[in-house]
Each structure stands twice: as C-alpha cells, then as structure tokens.
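Open the model in your viewer and keep the selection panel at hand. The tour starts with packing and then turns to charged pairs.

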Amino acid sequence: MFRCYSIVIALIGISSLLIASACQSKQLTVLYAAELPLIINPPHGSYANLATLVEQTRSTQQPSLFLFGGGSLAPSMLSSFDRGAHIIDILNTIEPDAMGVAKREFSYFEDELSLRAYEAAFPMVLSNAIDPLTGANIDGAVRRIIIEKPDIKVGVIALIHDSVIEEYLLQRLQITDPRKAVLEQIGLLKAEGADVVVLMISDKHDFVHELLRQGSVDVVLRTDPHHTLSSDNQHSSDHPGYIFITSPGTSAVITINWQDSDTEKQVGVDTITLNQLRPDKVVDAQINAYNDRISALLGEEIATLATSMNTQRYDVRTSENGFGNLVSDALRSASHTDVALINGGAIRGERTYSPGYVLTREDISTELPFRSRITVLRLAGRHIKAALENGLSQVEQVAGRFPHVSGISMNVDLNAPVGERIKRIMVNGQPLEEARIYSMATSDFLAGGGDGYDALTLGTEVPFSQQVTPLIADIVISVLRRQQTISARKSGRINYMPSIGRND
C-alpha cells in the first residue's frame, strides 16, 4: 500500500487551498528476454520480433529499459563457427541496457566470453565469479551497474550457478557464494543511490525469495523454457516480483510503480510471445544475411532417413535415442574401438524428422553444434561402469549427461539409488569385466571429465589415427554419407526395468 502525505497550506485572503504533495509517484517499465540461441526460430519468434517489442516499449512516455538475460551465445550451428559473435552483433543493433551472463555464455570458455564482452556495445553483468588469472571478474564483465533513467536509478546484478564449472568443464573460473555476493552488490547499489534493484538469475537460488520479501531486491528475472521437462518444478513464488518465464520465445514486460518516499513497490507483468509481433526490418535483414551465408556453406546432402527421427530435448536426455545411436555408432566405426559414448547434452537440434527426409550438413551441424572432437581412451571396465552410472544419475532432471552408447547394452533400474542403477552391462554381447581394459571413443569434453564424467579421466588417451583430430560432427557426416540411407532406431541398448514402465 502506497503512503503519501500532503501538506495543506491556507493563505489568508485566498479562498482556495494550495496542496503540495510530499511524495512523487514513479513508474518504470522493464522489458526482459533471455534464452534465444537461435537467430531464426519460426515456431517461437526471433530477434527481429524482439527488436519490434523493444522499439514499442521505448516509444512510450514512461522510463524504460531492456534487460537481456543471456543463455544465448550457444548452442547453435552458427555459434559453432563464430563462438556466438553473431548474437552480440544482433544485440548491438537492438541495444539492450545490460545483459546478464548465464551458463551458456561459457560454452566456449572464459577467453571467448571476454572477447564477446569487448565486442558488446552494452555491459555484461556477472556478480559472483572470479578469474584466478586476474583475481577479478571475467575480463570485460562488470559485477553491477547503475542504469540511469529520468529521475530513476536502476541497479542490475546477475548470478551464475556453480554447476557451470562441471557442466562446461571450466578450468579457471571460480564461483563465489551467490548469497554473499548478491548481498554485497545490493549494499553497494543502495549506497550508489539505486531506486530499484533487479536481479537476473538462470538457475534456482532459494534465497532470492527472502531477498524479495525483505525488499532487498525489487524484481528477480529468470528464464528456463525447458524447466517443465524436469521433475524439479518447485519454482513458483507468491511474490509478484519473482518473474520466471518457462515458455520458449516469450518476453516479459514488467511495470514497477512506487512513491519516492516509500520503499514498497507494486509490480505488474505482461508476458508476450515474440512470434505474435511483426519482425523489425533492419534486424530481419541482418538475420537473413547470416542465414544465407551459412546455408550456402552447409547445403550438402548427406543421407536419406528411412525412419522418423526425434532429437527433442526430453527424448535425448532420458532414454535411448535413434540419433544418439547413429552418433555413437559413427564414433565407434571411425575409431575401431570396443565401445563409444556420447552425452545427450551434445545433441541440440530439438527437432523431429519424417521418413524420407534428406539430412544435410547443416542438419548435422545444428544437431552437434559444440565442435567437440573425438578422443580415444583405454580404460578398465569398472571405470566404464562408473561413467555410465554418472550418465544415469540425473535422468529425472533431464540432465545433459545422459549416455548414448555403442557396443554396450544395459539394464537399468531408476528406482535404485544413484550409483547403483545399472543391473547388467554387456559389451558386444559379453558381460562387462571390471578388470579388463577396453577401448572407448568419446568426446574431448567427456574425456576431460565434463558433465560429471570424472571416471573417464582415469583412462589413458590413445592418439587418433588421423593426423588432425576431426570434429565429431564431421565424423558423423563422413560415416552417414557412405550409407546414403539410414535408420534411426532404438535397438535395446538402454533397457529400463519393467517395474517403472519405461520400455517405450
């Protein structure tokens, strides 16, 4: 409830009263968007649609700002070539007031993120990270920023979750305690005169609800269009300032009202689906130029699908998958190893394909955008088992570590404790021997312990047969091209125990 006090002054000889308000009503509009790694995304809208929304928001008489929540420098087929530079180029045209750094911004590691930060014509905010090389923040990023609008100062901070270290196999970055970091930055923003404090997050942080209730922050912004796929759906908050977008291609227009003599604020939110807006002509032309350039390079036809194929996120992260089988089989074929392993998080196309579809080089590059390279290991059977247990440890969370295998079949009980879920492992038709040394083809990311695959670091790397270690996408293209017609079928490699009904 707003509290506004007025002073009534009676002037002798004047019949009217002069009322001077002791407080002033203020309003701020915040446009927020995040999680847009694809510059062309027909079902959900693109940056060209977002540019129109930004223009509409800025054309009003009320003070406004555009905050971009990140999560967009990867993965995409084009990002695999330029490490997300095209996203920064397009954002420079749209001109956000600030961008929060999320986990995906580290897809190509710390130095590439620093390059993107210097290319950006807007500040990148990261409030709880340290680069040991400098003892400071990631080069080019800021811990907080004050954005000044007419009669309003808006403080912006952004938190990153410490799981980024494991998920992206970062060797340098150190994540500081998020609660301690955010409290420190809030204190500094208040001392600098911030009227409104906005916190951007990309993962769950329970303490932010307390910050909202206390009035330490006014708005918390988060986007995760895949959140509803996970069994962890405890994201709701009864505080109007907690704004969590779970639908793809959706932006939020947040209106904040308050009196300058009162810390209490009213927050209203409208969510807008981007594909409902007309595309901005300038940004649309910019996007088409990028698309034409890459399409000419990647139009080569590879193979025809004899079956349907599904690379949707849930499908590749919770069960055996036809495309996952094609990738792991290609790795084993190219390296002549006993087994092969790839993680579901490496597959990013999120598409369905019909029988008869002709796969192109662009399709494979879109499905496998991270430019990972093949690595061949020799390791004991017990380490293979430990690696597979890790891969199956977070199925309920639809985690990217889910394993796709070749040369291996296993029976799995997801009701069993983590680390004890595999009940039988067969290697090329024979029971796995824990002491035996096997050869395995995998990605350099997993071989280095990424996605929790620490067991693979216990193996011994074997030089690949070619002089230049090829990209996994190029290996898949080469193998599939020779087959011309391919089937993307399941073959009983990962069998869930019947008691939980997952043999679909």
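Select Y47, L50, F68 and F106. In this predicted model, these four touch the most other members of the largest nonpolar core, which has 45 residues. Now colour the elements that each give two or more residues to this core: β3 (25-33), α1 (47-58), β4 (64-68), α3 (85-94), α4 (109-119) and α8 (281-297). Helix α1 supplies the largest share, six residues.

Centre on Y47. Beyond its neighbours within four places in sequence, Y47 contacts residues including L36, L38, I39, F68, I90, V283 and I287. Next, pick V327, A340, I342 and I347. They belong to a second, separate core of 31 residues.

Switch to charged side chains. How many salt bridges are there? The count is 22.

Select E167 and K103. Their side chains form a salt bridge at 3.0 Å, N to O. E167 is in helix α5 (164-167) and K103 in the loop between β5 (98-100) and α4, so the pair ties together parts 64 residues apart in sequence. E167 is partly exposed at 28% relative accessibility, whereas K103 is buried at 12%.

Move to R172 and D111. Their closest N and O atoms are 3.2 Å apart. R172 sits in the loop between α5 and β11 (174-175), D111 in helix α4, 61 residues apart. D111 is partly exposed, with a relative accessible area of 48%.

Then show E210 and R179, a salt bridge at 3.3 Å between the closest N and O atoms. It joins helix α7 (207-214) to helix α6 (178-191).

Finish on E300, R361, D474 and R481: a network of salt bridges links them.

Methods
Residues numbered from 1 in each chain as written. Predicted model: local features only at pLDDT ≥ 70, side-chain atom pairs only at ≥ 80, totals over all residues. Heavy atoms only, no water. Core = buried A, V, L, I, M, F, W, Y, C linked by side-chain atoms within 4.5 Å. Buried < 20%, exposed > 50% of the residue type's maximum accessible area, 1.4 Å probe, protein only. Helix = DSSP H or I, 4+ residues; strand = E, 2+ residues; numbered from the N terminus. Contact = heavy atoms within 4.5 Å. Salt bridge = Lys/Arg side-chain N within 4 Å of Asp/Glu carboxyl O.
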